[in-house]
Amino acid sequence: MFKQLPANQTETINIILNGQSLQVTKGISVAAVALSQNLGFTRTTPVSASKRAPFCMMGVCYDCLMVINGRANQRACSTMVQEGMRIETQQGVGPAMEGRKE
Amino acid sequence: MNNHYQLVIIGGGPAGLAAAATASAQGISCALLDEQPEPGGQIYRSIESVPDQRAQKLGSEYLRGKKLAAAFRECDAEYYPETRVWSLNKELEIGIIRNDEASMITADQIIIANGAMERPVPFPGWTKPGVMQAGAGQILFKTAGVVPDNGVVLAGSGPLLLLLAWQYLHAGVEVKALLDVTPLSNHLSAMPKFPRAILAHHYLTKGIGYQIELKRAGIPMLFGVSDLRAEGDEQLQTVCFKHSGKQKTIESELLLTHFGVIPHTWLSQAAGCKHKWDNSQQCWRPEHDEWGNTNIPGIMVAGDGAGINGGRSAEHAGRLAGFESLFALGLLTQEERDKLAAKDIKWKRDERHIRPFLEAYFQIPKSLLATTDNDTVICRCEEVTAGQIREAVQHGHDNSNQVKFFTRCGMGPCQGRQCSNAVAHIVADESGEAVADMGHFRGRPPVSPLTLGQLAALDKEESV
């Protein structure tokens, strides 16, 4: 659906997208990665399990929610990729937060 | 970060940047908070880091942002990027989240400059992956050099659609078609506003220039399009529409739509600023005077968040709010303020010349604003359909907030940002009342999500 135009001297970092290691451009959003990797969809809805993908890219529609470093409901369009980041497609409301059992 | 500033500016677009540079020149303590990692707002996204080659393709208007960002970098205002505001109240307390931690700061003066968002217009299939807003396409291009791979259909109404088509053309992207849903009758109804628009002829010639270039490049431009639908199993496959009385289809995996922009009012609403329905701009906007003062002492609005007037006007509005805050802080006399602001007042008025014409020409028809297709999802979060909203009205729920309580429409993560306007239009249509009387969803903090843990940690800090 999308591609990244070639650019001179871009720094890259390593991330893990749905279990797959990837080298991506530094300084871009998780949503830009998901779209240029042609992920198809980035979450399913909690109400009807229908597939959704980024829609507004400016942080207002909340349709690009993904699981980032184990935390659900993160806006992929407003989160910049970081070295070693784990990004996963979110199913419904996503997993509960890690390490909060007390 | 201090816990008190004389001036806090929320938003790092043209209005916020201009306000910060203006006000901080007088040596006040001033902080600018912005969600983005770089200054520029949506219009000048990534203006500091964009590679030259990409910047050229985005056009001269985009490059204007460079000067603005540079002036801001030189000024004394403290800059807090990647900072979200989740609360604002009449006591001028601001709830923020930065580095994943919540905190509260206070200010003597606050300028809300949080800009505009795309007008969400629900149509059949608009929730499918492959359907996005035109602004999203532009942000992907500006911030990441990411463009459509396999062709794109652009549909909707408004200048941004033409600009994006032109930018894609220069980036070598295949634009399969530009479907203009502006009703042909608008051409006539906008004519009385045309003479004033001639005063801002550079905007008109630019628009015509884009059209000529697109036509020469062989991009199909269809006018008077209606009945837009996005079809496909789980993903967009086909764009369906009506043109010159015929049903037509275009195979495409990507459709970018644009129906104009509206002020992003969630923060000004949560703060309790008075808002009014603007019939010409077809949206709610905060009430304010020429300087940006709202009904709440100390809270000002500037830029497209105060009403849509474009990026250049936002710059002037930002400076006016900057001067006004200095006057309010007692650093300028009224006379000094008026003298310093004279040029911006004039330029801001000049920028307004084109607007009545654009607003009339690109007026979105009721058939799109209040869809009669009962199966169309209106609330993307809670998946409430137009049919369910109309049914709620038939049961006697006759304003936006009652429909919200009854259907959960607007209660999802986006807090109604995507459905508020559509609900108001559908309720008005079903009940035969005016949209202005339908009210907007009541905005309450937190206007941006935060975890209970973040809230609890806030309390601990205060009790120490």
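## Surroundings of B:Ile378

Leaving out neighbours within four places in sequence, B:Ile378 has contacts with B:Pro122, B:Val384, B:Thr385, B:Ala386, B:Ile389, B:Cys409, B:Cys419, B:Ala422, B:Val423 and B:Ile426. The model under discussion is a predicted one.

## Nonpolar cores

B:Ile378 belongs to the largest nonpolar core, which comprises 103 residues. Together with B:Leu140, B:Leu154, B:Ile389 and B:Val423, B:Ile378 is among the residues with the most contacts inside this core. The element that gives the most to the core is helix H6 of chain B, spanning residues 159–170, with eight residues.

In soluble globular proteins, nonpolar side chains tend to be buried together.

## Architecture of chain A

Chain A contains one helix and nine strands. Read from the N terminus, the order of its elements is β-β-β-α-β-β-β-β-β-β. For the 102 residues of chain A the globule rule gives 13 Å, and the radius of gyration is close to that, at 14 Å; chain A is therefore as compact as a globular protein of that length.

Along the principal axes, the C-alpha atoms of chain A fill a box of roughly 45 × 30 × 25 Å. Of the 102 residues in chain A, 45% are buried. Where contacts in chain A link residues at least 6 apart in sequence, 44% of them join residues at least 24 apart.

Notes: Residues are numbered from 1 along each chain as its sequence is written. Chains are lettered from A and ligands numbered from 1 in the order in which they are written. This is a predicted model: local features need pLDDT of at least 70, side-chain atom pairs count only at pLDDT 80 or more; totals for chains, interfaces and linings use all residues. A nonpolar core is a set of buried Ala, Val, Leu, Ile, Met, Phe, Trp, Tyr and Cys residues joined through C-beta atoms within 7 Å. A residue is buried if 20 or more other C-beta atoms lie within 10 Å of its own, exposed if 12 or fewer, and partly exposed in between; C-beta atoms are placed from the backbone. Helices (H or I, at least four residues) and strands (E, at least two) are DSSP runs, numbered from the N terminus. Two residues are in contact if their C-beta atoms, placed from the backbone, lie within 7 Å. The radius of gyration is taken over C-alpha atoms; the globule rule is 2.2 Å times the number of residues to the power 0.38.
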